[in-house]
Amino acid sequence: MPPKSKEKPKSAAAAPPPSISIEDLFTSIKRHVDKDEFEQIVKLSDQVLSVAPGDEDALRCKVAALIKCDKIDDALSVIRKVPNDFSYFKAYCLYRQNKLKEAMESLKGLDETSATMLLESQILFRMGKMDASVDIYRKLQNSKIDALEINVVAGLVSAGKSSEVKGMMDALRVKATSSFELAYNAACSLIEEHKYTDAEQLLLSSRRMGQETLMDESLADDEIEIELAPISVQLAYVQQLMGNTKEAVQSYTGIIKRNLADEATLAVATNNLIALKGPKDISDSLKKLDKLVEKSGGPGSFQLARGLDLKLSPKQKESLYINRMLLLLHSNKMEQARELVAALPDLCPGSVVPVLLQAAVLVKENKAGKAEEILGQSADKFPDNCRVLHLARAQIAAAGGHPQIAVASLEKIPDIQHMPATVATLVALKERAGDIDGADAVFDSAIRWWSNAMTEENKLSVIMQEAAAFKLKHGRKEEAARLYEEIVKSHGSIEALVGLIQTAAHVDVEKAEAYEKKLKQLPDLKAIDVDSLERTSGAKHAEGGSHMNTATSYEDNNKEKTKKKRKRKPKYPKGFDPANPGPPPDPERWLPKRERSSFRPKRKDKRIAQIRGSQGAVAKEAGNANSKSSQASSKGVSTGPEPSKPSSKSSKKKSRK
């Protein structure tokens, strides 16, 4: 046996490494914070926690570094494991995960600092509660927060308060051109106010400032283009609104093809391009939208692809779903349309558009009555946006032959009852329904409203003239004459004066004659013989009139001219005898032979082409063909038409090639 090896003595060099003090670790963390090296901060924080578990400063550094590294799930797991109160960090992480209700719950009970208020305003902004978000921004107006003015302007535009943007920037003492982000948001407010030319100029300035700023930060050209892609898309949108469709399409197409933009900007550009195309090239548009809107899990559930839920505003998301729905309706894909319209109320909460699209699907399926019922029921659920529902219901009912329902829907919109278009529509609908008294009452109500209205463009004369014509049409001549007389006295309208004379001639002849004298006489029509005019087909001057001699001389000259004209003999073809013209030429002589009425195509016996074999088999196979054709005719009823198969001759020709 070999001798056992002796164990080597343990060397003193294997001693544990010297420990680093916590102060040195925090000094290193501070150094990495200044350099934005967040991965190193996480590692150093773990070293501190290994020495001093539960150290609040180390935990705070680690959570903040994980958030900066976009490791939101890891940050949340750290927060939930420690007993420390990290409610603010937890609320921010939940906000980044789009769990907005949980984020708001986490903020409750915290002190109202500028940081918590700013986070709350951003959560409310993403939830679509723009007014509440703007209110918080107003409270932060005097606090020193970076880029506060950019967020304030964005909130005002999203809340539909673009008219307040200029006043807010004056209060904050900033100009629209102080940064390219603020210039972009201010341009968006100008777009909402329909000031497209000013918005275009401000967007161009924003892009120029953005290029200068990002070049100073030493960014690559592709990175600069990605950062400025929202400005390019917004410029194309302004071109679209200004009617420059060709330029807008080129801009959208270029942005999509280069693919140098973030997902949200590409989605907006794609959606706008599809909206510009409309029902043209539906299949291609649906393919593009299918990449943005996809099904999630169960039936009837949809979501936006690539995390667009976190990056698009509620209005932008709603536009994507609406455009996809409209394309499905245009392409008659009713099953998919029904599936999507059923999910829209959850995808677009608080919006009336899903109700309108549901009604559109029902109308497409010839269920107009059901559509009217749904629109009527939904009008009570959306009191602020019920006008569009009433108008849609009125349109569907009018097109479906239900004038009473259309009238009832229009009458539920009180602020448009006096408008000329509404008055004309109500009168036409009531007239169609046979309610002449109701139509007359609509005119009377509109006349009373415009009589008391203090507006620059008063439509009283237009309404009164149409009302008078309506009353005259339906035999209410006295009321019509009274209205015409009021128009003549107040506005001095010639058309109303003519209408008054025509109407009063049926009611009060003396009044008609009195107003007839106010008509201006036409020149050169004096001394007209009325009796002679009634006996002839045209006007004729009376005897002894001032123009009698001129008229007679003109007629004599015309007679002399007609007498001087000689009748030329018609020219006939050579050898043609007009005394014996012979039979008349065929009127179809210039038509092709196949288009003449006398053309009869040659009939071909189809059975002859199918005969094969020797001559002796002709009679027998022809008889079999007759029996087979009778059998086929007795069977070809249930399955419907089928495509014809190619004959043997055509197949042989193809095989020879």
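Start with the largest nonpolar core in this predicted model: it has 39 residues, and Leu-140, Met-169 and Leu-202 touch the most other members.

**The largest core**
- Take Met-169, one of the residues touching the most other core members: setting aside neighbours within four places in sequence, Met-169 is in contact with Val-153, Val-174, Ala-176, Leu-182 and Ala-186.
- Apart from this core lies another one, of 31 residues, which includes Leu-429, Trp-450, Ile-487 and Ala-496.
- As a bit of background, nonpolar side chains in soluble globular proteins tend to be buried together.

**How α9 and α10 pack**
- Helix α9 covers residues 148–158 and helix α10 covers residues 165–172; their axes come within 10 Å and cross at roughly 160 degrees.
- Angles over 145 degrees count as roughly antiparallel, so α9 and α10 are roughly antiparallel to each other.
- The crossing of these two helices, α9 and α10, is right-handed.

**Who meets whom**
- On the α9 side, the residues in the contact are Glu-149, Val-152, Val-153, Leu-156 and Val-157.
- Facing them from α10 are Val-165, Met-168, Met-169 and Leu-172.
- Sorted by type, the residues of this α9–α10 contact come out as eight nonpolar, one charged and no polar.

Key: Residues are numbered from 1 along each chain as its sequence is written. This is a predicted model: local features need pLDDT of at least 70, side-chain atom pairs count only at pLDDT 80 or more; totals for chains, interfaces and linings use all residues. Side-chain values use heavy atoms; hydrogens and water are left out. Axes are lines fitted to C-alpha atoms, for helices over the stretch in contact, and angles run from 0 to 180 degrees between N-to-C directions. Helices (H or I, at least four residues) and strands (E, at least two) are DSSP runs, numbered from the N terminus. Angles under 35 degrees count as roughly parallel, over 145 as roughly antiparallel, 65 to 115 as roughly perpendicular and the rest as oblique. A crossing is left-handed if the near helix is turned anticlockwise from the far one by less than a right angle, and right-handed if clockwise. Contact means heavy atoms within 4.5 Å. Ala, Val, Leu, Ile, Met, Phe, Trp, Tyr, Cys and Pro count as nonpolar, Asp, Glu, Lys and Arg as charged, and the others, Gly among them, as polar. A nonpolar core is a set of buried Ala, Val, Leu, Ile, Met, Phe, Trp, Tyr and Cys residues joined through side-chain atoms within 4.5 Å. Buried means under 20% relative accessible area, exposed over 50%, partly exposed in between (1.4 Å probe, protein chains only).
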